[in-house]
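User: I have a structure here that is new to me. Can you walk me through it?

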Amino acid sequence: MASGWDARPPWRPGRLPLLLCLLLLLLLLWNPARAAHIKKAEATTTTTSAGAEADEGQFNRYYHEEELGSVLREAAAAGPPGLARLFSIGSSVEGRPLWVLRLTAGLGPPPPDGDSGPDAAGPLLPGRPQVKLVGNMHGDETVSRQVLIYLARELAAGYRRGDPRIVRLLNTTDVYVLPSLNPDGFERAREGDCGLSDSGPPGASGRDNSRGRDLNRSFPDQFSTGEPPGLDEVPEVRALMDWIRRNKFVLSGNLHGGSVVASYPFDDSPEHKATGIYSKTSDDEVFKYLAKAYASNHPIMKTGTPHCPGDEDETFKDGITNGAHWYDVEGGMQDYNYVWANCFEITLELSCCKYPPASQLRQEWENNRESLITLIEKVHIGVKGFVKDTVTGSGLENATISVAGINHNITTGRFGDFHRLLVPGTYNITAVSTGYMPLTINNIIVKEGPATKVNFSLRPTVTSVIPDTTEVVVTASTVALPNLAGTQSFHQPIQPKDFHHHHFPDMEIFLRRFANEYPNITRLYSLGKSVESRELYVMEISDNPGVHEPGEPEFKYIGNMHGNEVVGRELLLNLIEYLCKNFGTDPEVTDLVRSTRIHLMPSMNPDGYEKSQEGDSVSVIGRNNSNNFDLNRNFPDQFFQITDPTQPETIAVMSWMKSYPFVLSANLHGGSLVVNYPFDDDEQGLATYSKSPDDAVFQQIALSYSKENSQMFQGRPCKNMYPNEYFPHGITNGASWYNVPGGMQDWNYLQTNCFEVTIELGCVKYPFEKDLPKFWEQNRRSLIQFMKQVHQGVKGFVLDATDGRGILNATISVAEINHPVTTYKTGDYWRLLVPGTYKITASARGYNPVTKNVTVRSEGAIQVNFTLVRSSADSSNESKKGKGDSTNTDDVSDPTTKEFEALIKDLSAENGLEGLMLRSSSNLALYRYHSYKDLSEFLRGLVMNYPHITNLTNLGQSSEYRHIWSLEISNKPNISEPEEPKIRFVAGIHGNAPVGTELLLALAEFLCLNYKKNPAVTQLVDRTRIVIVPSLNPDGRERAQEKDCTSKRGQTNARGKDLDTDFTSKGSITSRTDRYIFSLPPPPYTRVVKYTCAHVLYVYVDLKESFLLT
């Protein structure tokens, strides 16, 4: 971690004059144990060059380029066959190979293509952690280059001679040694140059690469103040980054020279103060542990006082330092490893003199030998294991491993294996993978020494829409107000270069590549799988990916809904490349990404695409999905009953649309050239203009696309195919063109807050590859301008006057436009409107509505916030008091009190819960039974959406290891208040009588939905601790069958026990500390209805099976 030429003055007050430094150098030659050195200077001085001839294998010479490869081959040959593999990860600017020697047992014979190519490194080994050591990043810091060669010899020879420690290490560890990342710089550097002089231009010392770039300032940086050098300038950095991405390194050392200390992340801070800022990672304790492991075994480093010339007074407690606290390094390699990879890297300064005479190399090896081996061994601390699919038993690659309380996740390797470095302690660890239910294992004890083994077995889910698990909480006043409409740019943006048809594997690689290369602005996720199990990928592009930022609208493009209409698929891949490559440099793209959360789905029908044929203009081959259904006739329709079964792709997309607050969308098709807007059909099924309430808005957003596409705007797109077709200004009402029942765009508008249009991109459905650049050129401005329309109209927040919190699902209504929209989780809303003056009303259940007159202009959305007062009688009572009225607010005539008492009576009465849920059924999903998996997801969904009033705990496990869930609903969940009454509901004691389970799930959702909206429910939750155990016998529930109303199948648990008769006494369940405000009426229960049909679920209810109040 040596500083750049301009990062820190090479000569500081107190540095010795040049003559005195040269004298010190002579003294050092007489006393090699204390090498002359200088910390982090960039200057160079030329002394003597290494010219002494010595036999190979000796310590008295440096290995230059012509020898390095052969020396590494000899080191590999020192071990037995199958232990070592030499390969190159790329080349330097001047074409020198970047050699890596891999050392681990069981590699097998080398590949036939030698030391280059994708297979040169050999296959990865399941469960074996990867460690890398990188040296000579600065060409003039040379000790690392040599000691890594000596280390390779030591490991190979030690394994051959049977050294127990080394045999154990290489049998369990995958070690990679890269002696020189900057071989060009090394060839320019001069032996004996300790970096004492400040003469000479940058790069003359050999520090930088051949293009004058400091490799340790050339990596992407989380706190970057500017762009790092282009990777074409630093092919060494490009090669290393590509190598890191292809592997799952766990631990790394970056070996430098110029001081004697172990430095750990972060290397810089947001302030970029030159020195003195401790920039702490989430794994600060782990990094200190690793740094101390190295320093404590180094005879000079462990003293903390290296006494480097010019810095004689510099001290490092325990021989370690936080990087930024020492001095700020922007663009360093160690931070890149931690932030953008799984890898924990520390930087090791090995000697004060950067390029000491070769006569000192033996001593440097002795100083570092034990430290290097100890550091490699530390890859085995913490927790390790596998994440596997419960059904197939196969490992899950790229599953996320998160540790509670540590804000840094890692991901699994190719075989589902993981190694999570942790210091001794007790941890709760969660494994999460797209398409699987997350699993948390609590109280994992990590001890000093070998890692604790922990394996995760994840159950697949039905769909895999990734929910918003993170929310940023802000007030309305903090939301930025971008002015995208007026963005001007004289910058020439970078245009896409990848113009070819992407079949599914190619598309998948493309998406993963951009997600990997631009992790700060991208998130790749899947909505689920197609009929043929292809992932339905979505690429999110945002300056805060994975997070809904309150006040920021969400936008989506969907392509390739018809498999043989492929232009949209390719344009969205082009758009991903365009946005990623221009973010941070092009003002228009940067403003758009920073102010909008963009979701791009290149292919909704990947199965159909694989069946279609290039050059197709009019056929239907590949149009439908693999079940031969047209996905754009598969959505519920306002005018017609859609009888076709809903397809997996349709279900996944509908679930997605319900999960995110999309404001604007376009569905990209082919076969014509026009923007088509709702409605797509009418009541008679005729081709006639079917106007939506927002017809003016739809015309405006449709024109924003067509007017940027000159051919589309002319309105006569396919003269040879459809000579009589004319679309004024390139837009049309859908039903006026032709009738489409079951279309996606109408469903968006009617069932969500999202305004969607359908864009036909060209007359040829599957054009030849050579024409793809033309399509990008015709549509690139249209794609950007259409996205900007998400910032038109009105936006803002609806807030509770009492506590200032946002109100979820408040309604925003515009007078004379019969289409309300609703608020999202933090009360934020967006309402697209054309310029004009409007009367806008915000309302919410339990609140007094507020109406405002708003003038909308064309320059961008105007922000209008609403603050609603709860509609209780308190305010009127206060008013009466002020007029001398002696009204008692506690009087039973208070409607809130009456409503609260009525709710209590409902819950206390026989069949009261059934009646309450019946009356609320319009807002609740009482249409099916929940399996154990569905029940678990439902409960987690409640906690995710209502975290302030819910807490989910696991009471234990059933005989078949299913969780017994307990959901607490309270205004202070998980905080004990002894004086607060507690209600406990328990259901599902008989697995074949799940009606009670369903009622309790409905009750839980009812309470969450109505908290802060219904005064009685709010009082109940604020004054009571409600605990719901919906399924006490999940094993029996899984065996029971729907519509089997008399069978005893599933009544008992997995061991044949009837849980209703298995308690030692009825009173043994009750906690004496619990207080209950009501209980069940006494037996007998006359009705015995067990497993009813789902569609009459809330008609036949056995109250005993509905809940047991302990």
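User: Let's begin with one residue. What does Ile429 touch, leaving aside its neighbours within four places in sequence?
Analyst: This is a predicted model. In it, Ile429 is in contact with Val383, Ile401, Ser402, Val403, Leu422, Leu439, Thr440, Ile441, Ile444 and Phe456, with neighbours within four places in sequence left out.

User: Which residues touch the most other members of the largest nonpolar core?
Analyst: Ile429 is one of them, along with Leu103, Leu151, Val387 and Phe456. That core has 89 residues. Helix H3, residues 143-161, gives the most to the core, with 10 residues.

User: Where does this core lie relative to domain 1 and domain 2?
Analyst: It lies between them, because both domains give residues to it. Domain 1 covers 65-109 + 116-196 + 205-379, and domain 2 covers 383-460.

User: And what is in the second core?
Analyst: The second core is separate and has 77 residues, including Leu573, Val675, Val794 and Ile840. As background, nonpolar side chains tend to be buried together in soluble globular proteins.

User: Back to H3. How do the axes of H2 and H3 cross?
Analyst: The axes of H2 (residues 65-77) and H3 cross at roughly 20° and come within 8 Å. An angle under 35 degrees counts as roughly parallel, so H2 is roughly parallel to H3.

User: Which residues make that contact?
Analyst: From H2 they are Glu65, Leu68, Val71, Leu72, Ala75 and Ala77. H3 brings Arg145, Ile149, Ala152, Arg153, Ala156 and Arg160. By type, the contact of H2 with H3 has 8 nonpolar and 4 charged residues, and no polar ones.

User: Now H7 and H10. At what angle do their axes cross?
Analyst: The axes of H7 (residues 284-295) and H10 (residues 361-377) cross at roughly 150° and come within 8 Å. The cut-off for roughly antiparallel is over 145, so H7 is roughly antiparallel to H10.

User: Which residues of H7 and H10 meet?
Analyst: Leu290, Ala293 and Tyr294 of H7 meet Asn368, Ser371, Leu372, Thr374 and Leu375 of H10. The contact of H7 with H10 divides into 5 nonpolar and 3 polar residues, with no charged ones.

User: Is Gly304 buried or exposed?
Analyst: Gly304 is buried, because its relative accessible area is 3% and the limit for buried is under 20%. Not counting residues up to four places away in sequence, Gly304 touches Glu314, Thr315, Phe316 and Gly319. The C-alpha atoms of Gly304 and Glu314 are separated by 8.5 Å, and the two residues are 10 residues apart along the chain.

User: Changing topic: Glu349. Buried or exposed?
Analyst: Glu349 counts as buried, at 0% relative accessibility. The residue is in strand E8, residues 344-349.

User: How far is Glu349 from Ala262 in space?
Analyst: The distance from Glu349 to Ala262 is 6.2 Å, C-alpha to C-alpha, while 87 residues separate them in sequence.

User: What kind of peptide bond joins Pro265 to Phe266?
Analyst: That bond is cis, with omega near 0°. Phe266 is in the loop between strand E6 (261-264) and H7. Pro678 and Phe679 are also joined by a cis peptide bond, with omega about 0°. Phe679 is in the loop between strand E24 (672-677) and helix H16 (695-706).

User: What about backbone angles? What is phi of Asn398?
Analyst: Phi of Asn398 is near 65°, which is positive in a residue other than glycine. Asn398 is in the loop between strand E9 (383-389) and strand E10 (400-403). At 41% relative accessibility, Asn398 counts as partly exposed.

User: And phi of His729?
Analyst: Phi of His729 is near 60°, also a positive value in a residue other than glycine. His729 is in the loop between helix H17 (710-714) and strand E25 (731-733). With a relative accessible area of 45%, His729 is partly exposed.

User: Last one. How many helices and strands are there in the protein?
Analyst: The protein has 28 helices and 39 strands. Of its 1110 residues, 57% count as buried. Among contacts with a separation of 6 or more, 75% are between residues 24 or more positions apart.

Terms used:
Residues numbered from 1 in each chain as written. Predicted model: local features only at pLDDT ≥ 70, side-chain atom pairs only at ≥ 80, totals over all residues. Heavy atoms only, no water. Core = buried A, V, L, I, M, F, W, Y, C linked by side-chain atoms within 4.5 Å. Buried < 20%, exposed > 50% of the residue type's maximum accessible area, 1.4 Å probe, protein only. Helix = DSSP H or I, 4+ residues; strand = E, 2+ residues; numbered from the N terminus. Domains from an automatic or database assignment. Contact = heavy atoms within 4.5 Å. Axes fitted to C-alpha atoms, helices over the stretch in contact; angles between N-to-C directions. Parallel < 35°, antiparallel > 145°, perpendicular 65-115°, else oblique. Nonpolar A, V, L, I, M, F, W, Y, C, P; charged D, E, K, R; others polar.
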